[in-house]
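Below is the thing I'm looking at, and after that come my entries.

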Number of protein chains: 2
Amino acid sequence: MTPFKLTAELLEEIAVLIANKDNKALKTLLLDIHFADVAEIVNELNSEEATYLIKLLDSEKTSDILTELDEDMRESILANLSAKEIAEELDELDTDDAADIVAELPTEMIGKVISAIEDREHAKDIVDLLRYDEDTAGGLMAKELVKVNENWNVLTCVKEMRAQAENVTRVHSIYVVDAEDKLVGRLSLKDLLTTSTKQPIKDVYITKVDAVSVNESTEEVAKIMSKYDLEAIPVIDELGRLVGRITIDDIVDVIREEAEKDYQLAAGISNDVEADDSIWELTKARIPWLFLGLIGGVGAAAIMGGFETLIQKYAILFFFTPLIAAMAGNVGVQSSAIVVQGIANDDVKGSIGQRVFKEMLLALLNGTILAVILLLFTWFWKGDLRTSIAIAISLVTVTVAAGVIGTFTPLFLHKRGIDPAIATGPFITTSNDIFGILIYFSIAKAILGF
Amino acid sequence: MTPFKLTAELLEEIAVLIANKDNKALKTLLLDIHFADVAEIVNELNSEEATYLIKLLDSEKTSDILTELDEDMRESILANLSAKEIAEELDELDTDDAADIVAELPTEMIGKVISAIEDREHAKDIVDLLRYDEDTAGGLMAKELVKVNENWNVLTCVKEMRAQAENVTRVHSIYVVDAEDKLVGRLSLKDLLTTSTKQPIKDVYITKVDAVSVNESTEEVAKIMSKYDLEAIPVIDELGRLVGRITIDDIVDVIREEAEKDYQLAAGISNDVEADDSIWELTKARIPWLFLGLIGGVGAAAIMGGFETLIQKYAILFFFTPLIAAMAGNVGVQSSAIVVQGIANDDVKGSIGQRVFKEMLLALLNGTILAVILLLFTWFWKGDLRTSIAIAISLVTVTVAAGVIGTFTPLFLHKRGIDPAIATGPFITTSNDIFGILIYFSIAKAILGF
């Protein structure tokens, strides 16, 4: 396929057509463009143009476009629509996508929109979904699924399924429930097609069925589905009743968002922001971490101020503080990143003690290699072996300490139930800067005996 | 579902059963454990125990276990198996998983194993897949798919499909090809079931079908499939012939690996390593970046050495070098991370110039806020307004420069076709350390007039 490419020409063409209110040409132009691509276009329009397009096109297509838009664009379009217009869009959507949109509406609109939804069953399902936290299986699941009662026979089953399947985009599995709606098993389409129509479902279904609880975290659901290569998983409530299902495409989004969040945290960006967000949004996401760095830098300055008397005799020590700080930061980030990733993948085995010991050995090896190189360099540069040795020994010690802090911090946070990803990036860099400089000058002082 | 939890007791029990050669108990114990979980167990055994288990269990299960193992464990088990034994495992696997395993075998084994595969058609498919690069659609696709000829009628079609579906775990779509095997469309199972059996396929199929070329990068395939919420996509060769299909579960793995690679690069780890890898593997992945940091630190020291004469009068300038370096590094990493992510998601719009300008404004805003705080602090600490102003102005300038470098570098690398993710982390930190310190001392010199 030739992937869709959003060009300045296309955008210009659409803006002109909107300005001329040339509805026919607009409809024809957008007819063959996938809704995800139309969403890309709409994201680039201004709010009036965007609303014009959404009102113009069929709600079958615009509802899908709405789900794909950037949050602020969606918000400003919805603000221009009446409760009835929004309800028409929601009628076209699966319950999970509809509930996500409803959750973003201003409180006073929610009631009006819900009452305006034509399909009352659909409205009820959406309201049901609203009560779940967005980070749980309940917040991710859709109500659309195909389920059959274990007491039916194959014929009834096929009939009922046909009716249910109307509302379900993709049928992955047919779930079997008992009289109390408890999930008891699943059926494969294959089995259903190859069994006599009079046979009761009880005799045909597979009792082994994976399910997750409504309260399970989305991260855990993602882990389970990707570990066991599942394309859909049923969701059960506290009583074991089948209440929804999660499909793999939602999980793909969870994995992507999780990865982006961790990546941004590692880079010292604390909210979910994008390159195109406003300067104010971006500042809010970044300045806390920079402020942390400022505090760290001031701390480092204060420590160095305490060693001011030796600046005349050993100026070279001061020249190497950026190197020491950088090394402490880099080693710390490397160690913490590998631990954070290990925790995320559940493959950090053994005790905290063992892990810290291994990172210590690793830092010792790396630190020694680098210290030897640095020793030779400083010796040739300044010709003073004793100072060079002091700097080299400090570097090894700082590296080991940085590795230990970088390993211990995320493990400790994880044990306390705090997201360890917060420990990478600026947090580790800053604390390691301070510790590193303190260790460095202390060791230099001990060796050089000032 | 209660997720499987690998305990020390379970491992101990299995090790004892293996030592006692209690095959019956072993088989019973492992019968109900999912192959992905058995793989977790096997990863923790030694090579002899692992081989024992693999030889003991049915190849229907062990083949799946093999695909889930860590690479080194799989390698050492396969080294203990004969060509015939390996071929038996491959016979059970889908072509994509089989080809991945074959690609890891020593060259002299490949021919032997391939000749020992019983199903010759399967062997041929595996050999076909071997010629594709692992980072392309061809390297990711499987040969298993259901395809029908446009010239058949529905009845023939259903018959042929039944036979083909035997080998396909999940049927997502039925692909339609012409007499030359060119992909021309797709059929939905639904349509097929609701159409008269005598109707020719030509009249029923949907001509709109997304496909990717064998040479498309896996990253691009992942983008397409997740953007358009596809569960499977057909792969075509240079002649438009249908040669395979990629399913969403493979894409989940691609997304995860991509995210982990970027995260590690940002943390200064250059190979794909895990927390449990050997110290030597981990060192190889980390030391290049640390060495880069060392060079940077030495560069910074050399720059500071050039300003040695002012150390008596303005010692405080030297105390703030770690702060300046840290700020330059942090701002640079923030800017580059947001650009790298924007590039990955295709949502960096506008020219390089606009982007750099925006980051400059942002850095100016952040830098000014922080500089004012620092100004007040240094003024109260040392009571010298002029030095404090010099430090504050330097901080703003360094912040802006760091933001510009952080934005420009990944954009520039991307334009040149180099993975921009390499620009985050140590690379930016190091170059910003040097530039930052140079700018800092130069501005201080200009203002203080020494």
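Before I list any neighbours, here is the rule I'm using: two residues are in contact if their C-beta atoms, placed from the backbone, lie within 7 Å. I'm also noting that this is a predicted model.

**Entry: the two copies**

I looked up how chain A and chain B are related. A rotation of 180° with 0.0 Å of shift along its axis puts chain A on chain B, with an RMSD of 0.1 Å. The two copies are thus related as by a two-fold rotation axis. Which residue of chain A comes closest to that rotation axis? I found Pro322(A), with its C-alpha at 2.6 Å.

**Entry: where the chains touch**

I looked up the contact counts, and 88 residues of chain A meet 88 residues of chain B. On the chain A side, the elements giving two or more residues include helix H14 (218-227), helix H18 (321-344) and helix H21 (426-448). H16(A) gives the largest share, 17 residues. I sorted the chain A side by type and got 53 nonpolar, 18 polar and 17 charged residues. I also checked whether the partners match up: 100% of the interface residues of chain A are also interface residues in chain B, so the copies meet through the same surface.

**Entry: the core**

I went for the largest nonpolar core, which has 262 residues. Among those with the most contacts inside it are Ile324(A), Leu395(A) and Leu90(B). I picked Leu395(A) and asked what it touches, not counting residues up to four places away in sequence. My list reads Ile324(A), Met327(A), Gly367(A), Leu370(A), Ala371(A) and Leu374(A).

**Entry: Lys147(A)**

I found Lys147(A) in strand S1 (residues 147-149) of chain A. Is Lys147(A) buried or partly exposed? It counts as partly exposed because it has 19 C-beta neighbours inside 10 Å, and being buried would take 20 or more. Leaving aside neighbours within four places in sequence, Lys147(A) is in contact with Tyr175(A), Val177(A) and Leu242(A). I also checked Ile201(A), which is 54 residues from Lys147(A) in sequence and 12 Å away in space, C-alpha to C-alpha.

**Entry: a hairpin**

Last, I looked at strand S2 (residues 174-177) and strand S3 (residues 183-187) of chain A, which run antiparallel and are joined by 4 bridges. Ile174(A) stands opposite Leu187(A) in S3(A). The hairpin has 5 residues between the strands, and Asp181(A) takes a positive phi near 75° there.

Technical notes: Residues are numbered from 1 along each chain as its sequence is written. Chains are lettered from A and ligands numbered from 1 in the order in which they are written. This is a predicted model: local features need pLDDT of at least 70, side-chain atom pairs count only at pLDDT 80 or more; totals for chains, interfaces and linings use all residues. Copies are superposed by least squares on the C-alpha atoms of residues with pLDDT of at least 70 in both. A nonpolar core is a set of buried Ala, Val, Leu, Ile, Met, Phe, Trp, Tyr and Cys residues joined through C-beta atoms within 7 Å. A residue is buried if 20 or more other C-beta atoms lie within 10 Å of its own, exposed if 12 or fewer, and partly exposed in between; C-beta atoms are placed from the backbone. Ala, Val, Leu, Ile, Met, Phe, Trp, Tyr, Cys and Pro count as nonpolar, Asp, Glu, Lys and Arg as charged, and the others, Gly among them, as polar. Two strands pair if DSSP finds at least two bridges between them.
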